[in-house]
Amino acid sequence: DRASLCAMAGMARGNLKVDFDAKLDSIAWTGQCVVCKSEIQTKLRALLDQSDCGGDYDMGCEGGGLVCSKEGCHYQGYLTDMCGKNMCQDDGTSHNHCTECKGFGRCLGD
């Protein structure tokens, strides 16, 4: 396994907040759960471990880096377009980061 190219591109472009003193356990993204509306805080480690392709959306997004920690909520998803200008949550259907493109690649949005 390798680190997510999308997350690495997001770090390089300054799209992800990274506390280099905390390293991999720093909170890189904060947002709202699309299911229960609770706050989701996602560590850099989880985003680097996230798959560059969300093809597992029919299996609960097991490869996604976003996980709601509220008891009873089972939301898991992807943070897509970390590498671009429209970073947002995705259920995996539109998370596809080109791993063959130049440099760290880019999200294709399909």
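Mentor: Let's start with a term: buried means under 20% relative accessible area, exposed means over 50%, and partly exposed is in between (1.4 Å probe, protein chains only). This is a predicted model, where local features need pLDDT of at least 70, side-chain atom pairs count only at pLDDT 80 or more, and totals for chains, interfaces and linings use all residues. Residues are numbered from 1 along each chain as its sequence is written, and side-chain values use heavy atoms, leaving out hydrogens and water.

Trainee: Okay, so why is Asp25 called partly exposed?

Mentor: Asp25 has a relative accessible area of 41%, and partly exposed is the class between buried and exposed.

Trainee: What makes Arg45 and Asp25 a salt bridge?

Mentor: A salt bridge needs a side-chain nitrogen of Lys or Arg within 4 Å of a carboxyl oxygen of Asp or Glu. Here the closest N and O atoms are 3.2 Å apart, so the pair counts. The whole structure has 1 salt bridge.

Trainee: Why is the link between Cys98 and Cys101 called a disulfide?

Mentor: The cut-off is a pair of cysteine sulfur atoms within 2.5 Å. Cys98 and Cys101 have theirs at 2.2 Å, so they pass. The torsion about their S-S bond is about 100°, so this disulfide is right-handed.

Trainee: How do you know whether Cys33 is buried or exposed?

Mentor: Cys33 has 0% relative accessibility, so it counts as buried.
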